[in-house]
Amino acid sequence: MMQAMNIIPIFVAIPLAGSFIIAILGKRPRWAPDLISGFTTLVLLAASILAVGIANTHGVLVYSIGAWKAPIGIEMVLDGLTAFMLVTINLVAFAVSVYAVNYMEQFTSKSKFYTLFLLMLAGMNGLVVTGDMFNLFVFLEIASVASYALVAFGTEKHELEAAFKYAIMGTVASLFILLGIAILYSFTSTLNMADMASVLAQKESKNIVLMVSVLFLMGFGLKSAIVPFHAWLPDAHPSAPAPISAMLSGVLIKSLGIYALCRIFYNVIGMTAEVSSVFMFLGVLSMVVGVFLAIGQWDLKRLLAYHSISQIGYVVLGISLGTPLGVIGGLFHLFNHSIFKSLLFLDAGAVEYATGTRDLKDMGGLSAKMPATGTTNLIASMSIAGIPPFNGFWSKLIIIIATVEAGRYWYAFWAVLASLLTLASFMKVMKYAFLGALKEKWSQIKEVPVFMKLSMGVLAAICVFGGLLIIPDVADVFLNRARNVIMEGVDYAGLVLKSIR
Amino acid sequence: MAVYLLCFTLFLLGIYCILRKRNIIKIIIGVIISEYAVNLFFILTAYRAEGRAPIYSKSAIIENMVDALPQAVVLTSIVIGLATTALLVGIAMRIYEKYGTFDITKIRDLRG
Amino acid sequence: MLELYILLVFMIIGAIIAIEVNDLLSSVVAVGAVGLGLSIVFLILKAPDVAITQLVVEILALIILIRATLRKDLPFSTSGRWLLNTLITICFIAVALLVAGKCFNDLPEFGYPIMRVASTYLKEGLAKTGATNLVAAVILDYRAFDTLGEATVLFTAVIGVLAVVRKVGRKKIGEKVREEDE
Amino acid sequence: MSREREKGMSIIVKTITRLTVGLILLYGIYILSHGHVTPGGGFAGGIIIALSFVHLMLAYGKDVALAKLPKGVTSFLEGTAAIAFLSIALLGFMTGYFFLNFLSKGEEFRLFSAGIIPLCNIVISIKVGAGLFAIFAALVLLKFEPEKKEKRK
């Protein structure tokens, strides 16, 4: 038991150590940042796969930092949902880290890039692993501050502007969240999530729960770019360097936004019918608005960014249904979306790397010159559009079935419609960018270097075989564990507190 | 109660400044004011009537100390606020360098 | 607690001046006044650690902000439909205050916190950690992990600022760019 | 920025700075080393130390201050202090728990008491001082003028 527990602080300590070492070493020797970052993310990936096994055998594991038992000290909690998020985050991070070895040659100060990247990773891992309300805020800030700087990393006009917009909105979101935490602290007089949930269960107050729900909805809604709060995303995500776009769209909005929303609303405050219907409505709204805005775009990365909003809508819809099938669909779509959206952004980065443009009208026939990029992009496009047998199909299917089962026929209709529009939009991408005749001016371009191809290949393979995750035996280890955490709701408190004693 | 409301008013003033002002530095000032308000709110919840600071001293026996936890939390959030402000000012100065203005009505190449 | 109310009103007036005045330097100075007021409020509320930190952070933040507002040619504009937008925001603020007022009614009364967890710190803090300053005991022992996170946020901001102020962001592949020794 | 500014301010300011900057630095060290006994601590102390260098920079111009504390040194100090803080946490990890206060608590009210708390304070103050000075230096060195635009005089 003790041995297994010791894995938990590793998720924060290793990326922090990696980033500090890179910061000290600087750029001498030149290969050191690449190596350290790749090694760190590889270790983290291995550890998170191990964590899935540990969460399976031990159930809920609690690590008390500094040997102070909750609620006095800070707790780290490893349960099914945490392990699920850790695998998602670290898988994408590893692929991105490999990809960046070649891609980031276009930018100066590669060591600063890796430092910020690992800090962002540490922030996300810490946020997912923690069991303390204020600690969650601190790690949220680490990840956000690192991401503001990374969006501005190119230091061109548009990048700075997008970064400023993103930074202001992100800071306002953080302030809302902190105010919510302050009100909750005053009411419950504790900061530990499990303890807070048990106090809230005993002590009813409609007004405070309403106020705190609104604050958290605005705060985490801004972080996860659900529709009324989405204005920053289409600027910020395309402006970042491609590996960071992949991280932001792939995992950052999910761990900072969706995961935190799930954890707080399901496990701490307790989900009510009104809140879940608000979430469902916002989810459907994001789904439809995102896809309609995406269709008209000609900038490849901007188009992908709008699709992120739309796909986040599916995740929110699935999770907020609250039925076992809906939650599992939402979580599965969260995982799938991380994979294929990262892959799409990496492909867009590869196109930009080879041709120097992001304008779809300018491209054409690139498949002939860049077969690896073309193939992986085709796989990812079919995944996001929901074509069998790729992973996106299965998760969308589950969400739609769950919606129909719950009697929300209109929502199911909109989900199908958004899926069709997504298909149309990605047919446009394939047609203009990769298929058709090669334009004269692109006759000299070359396929991207080996590390970029490698990471795109790995992600594409997961897209193809990702559907296997819902085979019952496999799902029992991975997805069902995460679903159980959400479904058990405020009983979370009891489980965690029991596991401390 | 009235104290809480005054503090919340300060928070809303900051938010108003962020939403309505069209100058980058003013927006940063709005963020700073809101941050102050949230920190103040935390400390207000910690206050205990007739309380003493949570520090022991050799000469006096102190009972009735105020809540120490929010003070620690606010120390953390003050420094986080400073870090965010520094980064925002850094980005703002670079924007000034590129666009030659702090006015965001003139800085809108990106339309979402 | 009359002085508390006076200071709070002073801070609100300072904030309004900072928001509405049309000169950036004056506006920054007004924010400084608000911050100093806040620092005194912290002292009144028996939080000397926070007061010291707030004071020095305030000074540094002001210096940084003044650095950004040194230039004179900073144009100022208010966009159109001023009246309508202001009315909407004031309505929004009024609604928010109303909701918040209801919510704050349910909070423990000012001056009488519940101290569920904190009483443990106050009772056992000295014996268990050896620090007479209980705030230090909380930030560096009971909740040291938060402090690690906080130090990391600052580290991130430093690296972020250094990354953002680079003169040349992009280069051609293989090209050597002279980077200043950062 | 005009030429004058780079050389620093007037002789009066310079003289007073020479007298006070040491005191400010000393006060910062006092605040940080007594963080566990009296109000203050690593963060406040670190910021005061950074402020003493900022003070020097404002009065004497950036060259003098950067000669005293070059940029390479600040970033090295910052990274090293960060690593040191993490190692304190990891040393606790080796002896049982992450961030375990593994040193003896000592006698109350003494400077050397409270286990790892004073150590953390020192490390944090180095980190905060170096980091904030690095931020300030970076912002001062940034040429704060619009590009590709005639200077208005």
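The model is predicted, so local features need pLDDT of at least 70 and side-chain atom pairs count only at pLDDT 80 or more, while totals for chains, interfaces and linings use all residues. Residues are numbered from 1 along each chain as its sequence is written, and chains are lettered from A and ligands numbered from 1 in the order in which they are written.

Let's begin with chain D, which has 6 helices and 0 strands; helices here are DSSP runs of H or I with at least four residues, strands are runs of E with at least two, and both are numbered from the N terminus. Of the 153 residues in chain D, 45% are buried, meaning that 20 or more other C-beta atoms, placed from the backbone, lie within 10 Å of the residue's own.

Where chain D meets chain C, the contact takes 47 residues from chain D and 34 residues from chain C (two residues are in contact if their C-beta atoms, placed from the backbone, lie within 7 Å). On the chain D side, H6(D) provides the largest share, 14 residues. By class, this side has 28 nonpolar, 13 polar and 6 charged residues; Ala, Val, Leu, Ile, Met, Phe, Trp, Tyr, Cys and Pro count as nonpolar, Asp, Glu, Lys and Arg as charged, and the others, Gly among them, as polar.

Now turn to chain B, where 65 residues take part in the contact with 74 residues from chain C. On the chain B side, H3(B) gives the most, with 21 residues. The residues of that side divide into 47 nonpolar, 10 polar and 8 charged.

Key:
A residue is buried if 20 or more other C-beta atoms lie within 10 Å of its own, exposed if 12 or fewer, and partly exposed in between; C-beta atoms are placed from the backbone.
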